[in-house]
Amino acid sequence: MTGSNIDLIEKILYHVEKPGRYVGGEHNQIIKHWRDGMTKWCLVFPDIYDIGQTNLGLAMLYQALNQADEILAERSFAPWVDMEAEMRKNAIPLFSLENKKRLNEFDILGFTLPYESIYTNVLNILDLSAIPLFSKERDMSFPLIIGGGQATFNPEPMSEFFDAFVVGEGEEVVLEISKLYSIFQKEGASKQDLLAGLSKIEGVYVPSLYDVSYQTDGRIAAIKPTRNNIPERITKRIVPVLPKHPSKFLVPNVEIVHDRVSIEIMRGCTRGCRFCHAGMVNRPVRQRDVKDIIPVIEDALESTGYEEIGLLSLSSSDHTQILDITKKVHEHFHDQKLSFSLPSLRIESFSLDLMDELKELKPGGGFTLAPEAATERMRAVINKPLDEEVFLQTVREIFEKGWRSIKLYYMIGLPTETQEDVEAILNDGIRIQKIGKSIHGNRVKVHLGIASLIPKPHTPFQWLPVKSPDSIQEKLDFLKSGTRKAGIKMSYNIPDSTLLESWLSRGDRRLNQVIYEAWKNGAKFDAWGERDNLQVWRNAFATVGINPDFYAYRQRDLDEVLPWDHINIGVKKDYLIRDYQLSLQGRTRKDCRQNCYMCGILDSFGELRPAKENGYWGCP
Amino acid sequence: MNDRPIRVRVKYAKKGNLRFIGHLDTQRMFERALRRSKLPLRYTQGFNKHVRINLASALPLGFTSDAELLDFWLNEELEASFISDRLTKSLPSEIEILDVKLVDNSLPSLQGSLLASDYEILLPDNELFEENFTRLLEQDRIEVTRRNKTIDIKPMILRYEFSDSESGFNLLKIRMSSSASANTRPDDLLELLGINPADCKINRTKLIFEE
């Protein structure tokens, strides 16, 4: 970008909210000299800086790529609507935060897709960068557009915009992609050759090399590779041993959400909750050893000056060394005036023991529990069993330890749900409030967070329809009036956004055109409740000529070809079917660390399993 | 721990991209830089402990400065040059440490004793500016409305002079009140003259305190 363009950017920054989002310059930012011969990546998080910069995956890839001398990796985020308006008015293309280069000057744009509501932002970013939206319209003169992240386990709705997807974990595969790109670029290869080359890398999915055919009723007939030397199914990529954790975190100059150091202590979960996408797609469980965790925290504190640390995992209580971790963290850091958070604790007294060890976890912030369902029957259906006695006893102990505020997460719209199950949620809130009041009097706060189920791909619930917004609204209304009377706070997802998420997460390739239409008509930042976009989406479906209810409200047959069936997460479909059937019978499956149910992970990845002393896997 | 806190006064410049970082964010940036510096910091008491730090004055978003001041406190007395080195190492490069000294604890707070600020404003080429500006200053009242409150800023314009800068732009040097009771900013004035502050370069050159 020329000097005058930088001047122009600076001028528009005076007219936008929170301009610090767009200038970079954070402590620990890596600015490499922009020169020929390097493979230049821009890691794009298609949401605003405030949300994207907190993403740990982004920090991991930024580190992994920039460690290589021949690779340069910069960052870019979606501009908020005020900034976008200024950019369009002044014909300023989207730029990277480090060298302030236009996105179309990079070799590879790596988009993070952690959730579906930012799909339209991807299109907006390409458009702001003067890059054609559809993969087939781009030759080698444009950057290679790849996507990765939790949403890409069903990449189909975005398959025409992306050249390739990384399915699974990115830390190693990005380096392989980079290397292949640089070789093909030097040879002057065509885009077709590059894509064919990429499809041979483990965990890389090139959608244009697969063909989807449909039955007359709209269901998929088959998903087939278009040539014979590429795999029928794309097996996700994993790192058998979690790589060295980043510690030189960027320190944002403007406040962002979760403004703290995040340390991933464990990846994956063995609990097998049936609604949980993350629990299915992130297997096997791998954990970082306490002796590796402490130095990373030490390093991170020294290099960032942060005062808050989050120890992240899907189920912290299940780390085999969790007690030791909390003890050592306290020993090492108690005199540094820090606060720690340890989310995702199980509902049991042991969680309180952890709190005793980690005194930096203060009762100030409120205690969060996620029973997810309020009757034992329903908890069996979702495979998140919790003994009623244990639950109430844990709640009592939490209050007794000094916490006055408890937040509880529940889901509605679950399979086999009855009014009784919904009433039980309200009843839980009231009972817990009563326990709290018996200990602390009226200063007790109980907060219910209500989400409605979206049956996600690759979970045992993937065949289920979504409950209609009307029925969800009815349940929400019941809970709202009940909590109001009881003086309990309640928050919830609006049914509209749930519906949009169900289309985008469960859709097939025909969604590409719908997303394109919706974007053309102004859809962006679809997760932001205040922008009422659902009508735009309904219109887009109508224009393309498909019925959104097909994706939301239809019960799929167990033998139907699902749009994501060619993506192999390691967990077998047979296993999911069996688990689904058990669910309908109200039968649970225990934590699989004690008892392997042969989900398929060891069939797909068993060969990669490290020796015990080199890395922990949760599989027995 | 030494019971008597050591008060450190830092003069610094804020440049480049960091001019787009607002006051609260700047304060947080300093807190984290101070933590990185590993100096023996004094913290506030109470439940949520913070680095004890006190910035003299909020620098408006988009302004650069050669004259910002802040105080922070240590538990031990250290050489000013040592403190300065540590700070320079832990701060982003667009913050430049200009001076560090240890000052008496009995001095009033920076915010409480600030009276005025000097600014240098590089204006876009506009031959009429000087004339328009002089005419505006001849009025009895100069009213600006901020947060639904209209105030007369004429008494807050304490002195000014024009000169030509090297680059051929007009340069306005102006002193304006920045005290708690009378506070105005150059952009208030520029907007009255129909000038977009974004087209100017505004640099704070001095903070003036009660003697």
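In chain B, 70% of the contacts with a separation of 6 or more join residues 24 or more positions apart; two residues are in contact if their C-beta atoms, placed from the backbone, lie within 7 Å. The model is predicted: local features need pLDDT of at least 70, side-chain atom pairs count only at pLDDT 80 or more, and totals for chains, interfaces and linings use all residues. Residues are numbered from 1 along each chain as its sequence is written, and chains are lettered from A and ligands numbered from 1 in the order in which they are written.

**View 1. Chain B comprises five helices and ten strands.** Helices (H or I, at least four residues) and strands (E, at least two) are DSSP runs, numbered from the N terminus. Along the principal axes, the C-alpha atoms of chain B fill a box of roughly 60 × 35 × 30 Å. Of the 211 residues in chain B, 30% are buried. A residue is buried if 20 or more other C-beta atoms lie within 10 Å of its own, exposed if 12 or fewer, and partly exposed in between, with C-beta atoms placed from the backbone.

**View 2. Three strands of chain A form an open sheet in the order S10-S13-S14, with parallel pairing.** Strands pair if DSSP finds at least two bridges between them. The edge strands, S10 (261-264) and S14 (339-341) of chain A, each pair on one side only. Neighbouring strands of this sheet are turned by 20° against each other on average, direction ignored. Four parallel bridges join S10(A) to S13(A), residues 308-312; A:Ser262 has A:Gly310 in S13(A) as its bridge partner. Helix H9 (residues 290-304) of chain A lies across S10 and S13, running at about 160° to S10(A). Axes are lines fitted to C-alpha atoms, for helices over the stretch in contact, and angles run from 0 to 180 degrees between N-to-C directions.

**View 3. Helix H13 (residues 388-400) of chain A has the buried residues A:Phe391, A:Thr394, A:Val395, A:Ile398 and A:Phe399.** These residues fall within an arc of 135° seen down the axis of H13(A), so they line one face of the helix; the arc is that of the directions from the helix axis to the C-beta atoms. On the other side of H13(A), A:Glu389 and A:Glu400 are exposed. The buried residues pack against H11 (349-357), S15 (367-372), S16 (405-412) and H14 (419-440) of chain A. Just after H13(A), A:Gly402 takes a positive phi of about 115°.

**View 4. The contact takes 20 residues from chain A and 20 residues from chain B.**
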